[in-house]
Amino acid sequence: MNPGREKPELVCPAGNLPALKAAVDAGGDTVYLGFRNVSNARNFEGLNFSREEAKEGILYAHARDSRVFVAVNTSPNSHDISPWTSSIDMASELGADAVILADIALLDYAKKHHPGLRRHLSVQASAGNYEALNFYAREFGIKRAVMPRIVTLDTICDIHAKTCVEIEIFVSGGLCVMAEGRCWLSSYVTGDSPNMNGVCSPAHAVRFEEENDSLEVKLDGVLINRFAPGEPAAYPTLCKGRFEACGMQGHVMEDPYSLNALEMLPDIFAAGVRGLKIEGRQRSKHYVRTVVSIWRAAVDACAADPDAYQARAEWMTGLDAMSEGGAHTTGAYVDEWR
Amino acid sequence: MAVNCNQSMKIAVGPVLFGWPEAKIREFYLALAKEGSVDIYYLGEVVCSKRSISGVIWQIDLARELRGYGKEVVLSTLAMPTVEAELQSIRDLVAAAKAMDIKIEANDVAAVAIASEAGLSFVAGPHLNIYNHGMLEQMCRQGAERAVLSLELPAMDIAAIIGDTQIQVEYFAHGKLPLTFSARCYTARAEGLSKRECRHVCFLYPDGLEMRCLDGEGFATINGIQIMSQRPFTALNHMSDLAGMGVDILRVSPQASGMSDVIAHFRSAMDGAMAARDALFAMSDGRDPGSTFCNGYYHGRQGRLWIKA
């Protein structure tokens with residue numbers, strides 16, 4: 001079992017080399033990234049790492065005692081598995097500290113071909129119970145799992161007690177309201193999915209149209225939101241759109257809030273969580289530097305004295321200012337959200 | 001007449017995905033059993049454990065009763081178990097299935113693990129995300145004897161995924177598509193309630209709650225913690241192609257009404273009594289099937305669309 005009182009590791013996003021350096025410089029213990037292909041769940045245009053960039057990033061991080069995880073967390077098709085397997089091979093060759101995998105075919109590949117490379121279970125595997133985690137550990141030797149955003153902190157505590165697999169949770173940034181890896185809304189509307197294509201509500205399908213003073217957002221021709229004049233419009237993710245149900249119009253699935261678990265940090269420490277993950281590989285180096293700095297300060301303060309810890313007002317406003325909706329939630333970690 | 005390569009295919013009725021009272025579920029399955037057109041029955045709560053008011057015992061009793069009609073019965077497990085009570089319900093179903101010498105449908109890796117440890121062969125369900133041959137092989141290694149591939153896969157991928165595995169393949173061929181799972185109950189949210197105090201409000205919507213775009217266009221169906229397609233998917237007109245790809249079983253997913261007719265249309269197309277396209281036309285009440293159904297995923301397109309063959 002994990003000691004539980006160990007200071008958790010801050011796992012930070014990087015969509016490019018400047019963001020990686022910003023994360024390391026701001027005190028990120030670990031940076032996670034993906035290669036520039038279909039193999040990772042943030043397969044966005046203009047994002048991610050070439051082989052040379054990843055090599056430089058890993059050298060930069062290692063020279064400063066930071067680690068690098070490589071996400072290969074979409075599912076391969078049966079026609080050509082090579083973009084996925086070559087990404088795992090490259091992560092191993094470049095000295096990545098772990099690969100983050102979701103598909104069982106890839107877990108099996110990594111175990112057989114790179115037994116010394118640490119394997120983490122991606123949030124995209126949607127493993128939200130200890131039976132699943134223990135299965136992945138037994139069969140494929142995973143050392144850590146990122147929890148889907150469907151479990152309460154109480155449940156995370158219980159899971160931690162019944163598995164040797166380290167637990168990593170999302171604490172900050174964009175919030176999936178569905179169980180990751182079990183959501184096909186994006187392919188239902190646009191034809192492209194997180195699991196198969198590494199995208200959700202892809203930019204190529206988004207259109208903004210002025211209509212009677214209001215701004216309409218369409219995704220592949222489907223109206224998913226309408227903004228009043230002057231109302232701020234964040235990136236149009238499907239599940240945060242406005243729809244109608246029971247005769248009421250509004251955010252039927254989720255408000256456009258960002259996840260922020262700063263106030264829960266002592267409970268997160270006590271739950272034995274090993275990794276605190278910040279979402280946002282698609283965000284700028286400025287975003288990464290600001291958010292990682294705040295979280296570094298908070299984690300250090302909580303580690304120094306968890307009983308005296310309080311989320312400082314400037315941290316909260318700092319994170320709100322960086323979030324897409326300008327407002328925050330603790331999401332599924334507390335029962336009331338449900 | 002339709003080509004008769006369909007004749008070795010079977011029809012399965014999937015688990016009821018909506019919130020129905022136990023009495024309605026019993027009545028639904030027993031009525032189908034008396035008609036006798038279905039080969040395989042899946043039953044069990046897949047979506048939300050809060051719906052199983054009296055636990056899994058009644059499902060096991062119903063399974064016994066259905067078996068009396070001489071057809072195969074499979075116990076379906078919960079798709080997103082997180083807490084101990086939910087895991088225990090899976091263990092109970094596995095124990096019951098073992099005692100009855102029937103299979104479970106595993107809809108989460110936890111159920112794969114529990115069935116595999118118990119030495120029980122299982123159906124790898126549609127929520128396990130089988131996208132490729134390697135994953136399918138791993139499921140076989142754990143004891144899967146049948147698999148339902150991911151619903152968003154293009155049909156043209158099916159043969160490559162099956163490859164040389166000796167496993168039965170079942171295709172989700174008709175019904176509203178289960179698209180997501182969440183921690184949040186959207187039916188409760190739409191009714192101004194929370195999941196904790198949901199009052200089983202999903203039971204008011206036996207075919208799910210309609211969700212529209214702001215311009216009034218239909219968008220999707222709310223089913224508790226799940227979002228489903230607005231329209232039922234159907235692959236009735238692609239039956240022969242699916243048989244050619246190696247699909248053994250076609251799954252029809254329950255809706256509140258008209259299931260007997262849907263199954264009859266599938267049966268007559270399968271038996272060659274009616275051409276599949278005529279059966280589809282009849283099932284659409286003579287209208288354009290595209291105004292009633294969707295099939296985009298079959299063609300590797302947007303799931304919400306209807307693509308003419």
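**Labels and their grounds**

Modeller: Asn260(A) has a relative accessible area of 2% and is buried. Keep in mind that this is a predicted model.

Biologist: Why is Asn260(A) called buried?

Modeller: Buried means under 20% relative accessible area. Asn260(A) has 2%, so the label applies.

Biologist: Where is Asn260(A) placed, and what is in contact with Asn260(A)?

Modeller: Asn260(A) is in strand β14 of chain A, residues 258-260. Leaving aside neighbours within four places in sequence, the residues in contact with Asn260(A) include Val171(A), Trp295(A), Met316(A) and His328(A).

Biologist: What does the side chain of Asn260(A) reach, and what makes that a polar contact?

Modeller: The side chain of Asn260(A) reaches the backbone nitrogen of Leu262(A) at 2.9 Å. The cut-off for a pair of N or O atoms is 3.5 Å. The distance of 2.9 Å is within 3.5 Å, so the pair meets that cut-off.

Biologist: How do you know that β10(A) and β11(A) pair?

Modeller: Two strands pair if there are at least two bridges between them. Strand β10 (residues 214-219) and β11 of chain A have five bridges, so they count as paired, in the antiparallel sense. Leu219(A) stands opposite Val222(A) in β11(A).

Biologist: Which sheet holds these strands, and what makes a strand an edge strand there?

Modeller: The sheet is open, with three strands in the order β9-β10-β11 (chain A) and antiparallel pairing. Its edge strands are β9 (206-211) and β11 (222-227) of chain A, each of which pairs on one side only. From one strand to the next, the twist averages 25°.

Biologist: Now the two chains. How many residues are in contact, and what area is buried?

Modeller: On chain A, 63 residues are in contact with 70 residues of chain B. The two chains bury about 5,700 Å² between them, with 56% of it on carbon and sulfur atoms. Arg182(A), Trp184(A) and Tyr188(A) supply 18% of the area that chain A buries against chain B, more than any other three residues.

Biologist: Why is the pair Glu254(A) and Arg184(B) called a salt bridge?

Modeller: The cut-off is 4 Å between a side-chain nitrogen of Lys or Arg and a carboxyl oxygen of Asp or Glu. The closest N and O atoms of Glu254(A) and Arg184(B) are 2.7 Å apart, so the pair qualifies. The rule finds eight salt bridges across the interface of chain A and chain B.

Biologist: Which element gives the largest share of the side of chain A that touches chain B?

Modeller: That is α5(A), with eight residues.

Note on methods:
Residues are numbered from 1 along each chain as its sequence is written. Chains are lettered from A and ligands numbered from 1 in the order in which they are written. This is a predicted model: local features need pLDDT of at least 70, side-chain atom pairs count only at pLDDT 80 or more; totals for chains, interfaces and linings use all residues. Side-chain values use heavy atoms; hydrogens and water are left out. Helices (H or I, at least four residues) and strands (E, at least two) are DSSP runs, numbered from the N terminus. Buried means under 20% relative accessible area, exposed over 50%, partly exposed in between (1.4 Å probe, protein chains only). A polar contact is a pair of N or O atoms within 3.5 Å; within protein, one must be able to donate a hydrogen and the other to accept it, and residues adjacent in sequence count only if both atoms are side-chain atoms. Contact means heavy atoms within 4.5 Å. Axes are lines fitted to C-alpha atoms, for helices over the stretch in contact, and angles run from 0 to 180 degrees between N-to-C directions. Buried area is the accessible area (1.4 Å probe) that two parts lose on being put together, summed over both.
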